[in-house]
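Student: I would like to go through this model chain by chain and then contact by contact. Could we start from the structure itself?

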Amino acid sequence: MSILEIISILFILGGVFFFFTATVGLIRMPDYYCRMQATGKGDTLGAFLCLMGLAIYNLDGGLSFGTVLVSTKIMFIAIFIFIANPTATHAITKAGFDCSVKPWTKKKEVQQ
Amino acid sequence: MISFFLWIGMSLGLLVLVCLYRAIQGPTIMDRIVSVSVIGTKTTVILLLIGFIYDRADMFIDISMGYAILNFIGTLAISKFFFSRKSIIPGSKHLKQGEASK
Amino acid sequence: MRYAITFIVLFVNWIIWSGLLDAFHLSLGVISCLLVTFMSHDLLFKRTEFRAGDIAEIFRFIMYIPWLMYQIILSNIHVAKIVLNPAMPIDPEVVSYKHNLKKDVSIMTFANSITLTPGTITAEIVDGEFLVHCLDKKVTDDLNTGEMEDRIAHVFAEDK
């Protein structure tokens, strides 16, 4: 097992961990604005780390035109997700505001 | 390394199943849109993993990029559909700006 | 000028995504990139003049990315802590935040950065004002210090 493989395994495991927290947040949070807090961040970083790990693993087979091209394409997908995911999150949140879904707030008597 | 990719793909598939619960059970339409978009992001990674398992990464990258773009456009289109609507909950007032930013 | 830049951006994308460098595919790429440039030249760049400062702007933006990555990792650890905590210590609220940015691209970068950093989501953009959904009180105070806006204003040369 080479050093690049170990690095890529670490990256992919980190990505799966953030995917996991995003999913748990999607299930547990009380309303969908808060769910978006978990998914909009956890999914972006999770996908970025996973794709990064795959790009590093792909370079393990030797530096040739083909492997570098494939890694560049993977990084393009990562950058695209990085731009697209916050925008989609913002669009869904704005749609929720337009549909007058009231944000969930903590009850005042619980705080005291 | 192939078996590692298999395990990662299977755990991502399990997470997709958990998200599917929110997509079916979600109280409002927005919850469903959010969970479908989350499933789409996971599918992008799963497609790439499949490509590495079958050793055809150069082909599956294009499919995965197409899936990412379609997921983004679809989410935007559905939420754009709700931009102009006043309310999806019958009987509730439209949330005023001053009310939201108090 | 913007025709040329749009064409170059499209053609670099074509080469990366096709990966074939023979004459037939390159000429196909030139034809289709010219068509797309002709039809949608005003979508990528709205303005028609370009200054020498634009290149420095791109470099400053690249320098901004590591700080953003650090903030994103912090925010993910923050959200992971909240989500995996059985008590779920959240106290969400919606605040409005006034900003002084003018260019479209800096407003877009700022909104996306807010969404990616700890516990905040940009919900709506009205002129000169964001509606931001915050997860708890602490991140609201972090947002109101305005550090991120200063950095973005510096990147796009809007600070006076």
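Tutor: Two residues are in contact if their C-beta atoms, placed from the backbone, lie within 7 Å. Please keep in mind throughout that this is a predicted model.

Student: Among contacts in chain B between residues at least 6 apart in sequence, what percentage join residues at least 24 apart?

Tutor: Chain B has 4 helices and 0 strands, and along the sequence its pattern reads α-α-α-α. Taking the contacts in chain B between residues at least 6 apart in sequence, the share that joins residues at least 24 apart is 49%.

Student: What percentage of the residues in chain B are buried?

Tutor: A residue is buried here if 20 or more other C-beta atoms lie within 10 Å of its own. Of the 102 residues in chain B, the buried ones make up 29%.

Student: Which element gives the most to the side of chain A that touches chain B?

Tutor: The contact takes 43 residues from chain B and 41 residues from chain A. On the side of chain A that touches chain B, at least two residues each come from α1 (3-28), α2 (32-58) and α3 (65-98) of chain A, and by class this side divides into 27 nonpolar, 7 polar and 7 charged residues. The element that gives the most, with 17 residues, is α3(A).

Student: And which element gives the most to the side of chain C that touches chain A?

Tutor: This contact takes 30 residues from chain A and 27 residues from chain C. On the side of chain C, the elements giving two or more residues are α1 (2-18), α4 (53-84), β1 (93-98), α5 (104-116) and β2 (120-126) of chain C, and the residues of this side comprise 16 nonpolar, 8 polar and 3 charged. With 7 residues, the element that gives the most is α4(C).

Student: Against which elements do the buried residues of α4(C) pack?

Tutor: α4(C) has 32 residues, and its reach of 46 Å from first C-alpha to last is close to the 46 Å expected at 1.5 Å a residue. Its buried residues are S75(C), N76(C), V79(C), A80(C), I82(C) and V83(C). The elements against which the buried residues of α4(C) pack are α5 of chain C together with α1 and α2 of chain A.

Student: What distance separates the centres of domain 1 and domain 2 of chain C?

Tutor: The domain assignment of chain C places domain 1 at 2-44 and domain 2 at 53-155. Taken over C-alpha atoms, the centres of domain 1 and domain 2 of chain C are separated by 34 Å.

Note on methods. Residues are numbered from 1 along each chain as its sequence is written. Chains are lettered from A and ligands numbered from 1 in the order in which they are written. This is a predicted model: local features need pLDDT of at least 70, side-chain atom pairs count only at pLDDT 80 or more; totals for chains, interfaces and linings use all residues. A residue is buried if 20 or more other C-beta atoms lie within 10 Å of its own, exposed if 12 or fewer, and partly exposed in between; C-beta atoms are placed from the backbone. Ala, Val, Leu, Ile, Met, Phe, Trp, Tyr, Cys and Pro count as nonpolar, Asp, Glu, Lys and Arg as charged, and the others, Gly among them, as polar. The expected span of a helix is 1.5 Å times one less than its number of residues. Domain bounds come from an automatic or database domain assignment.
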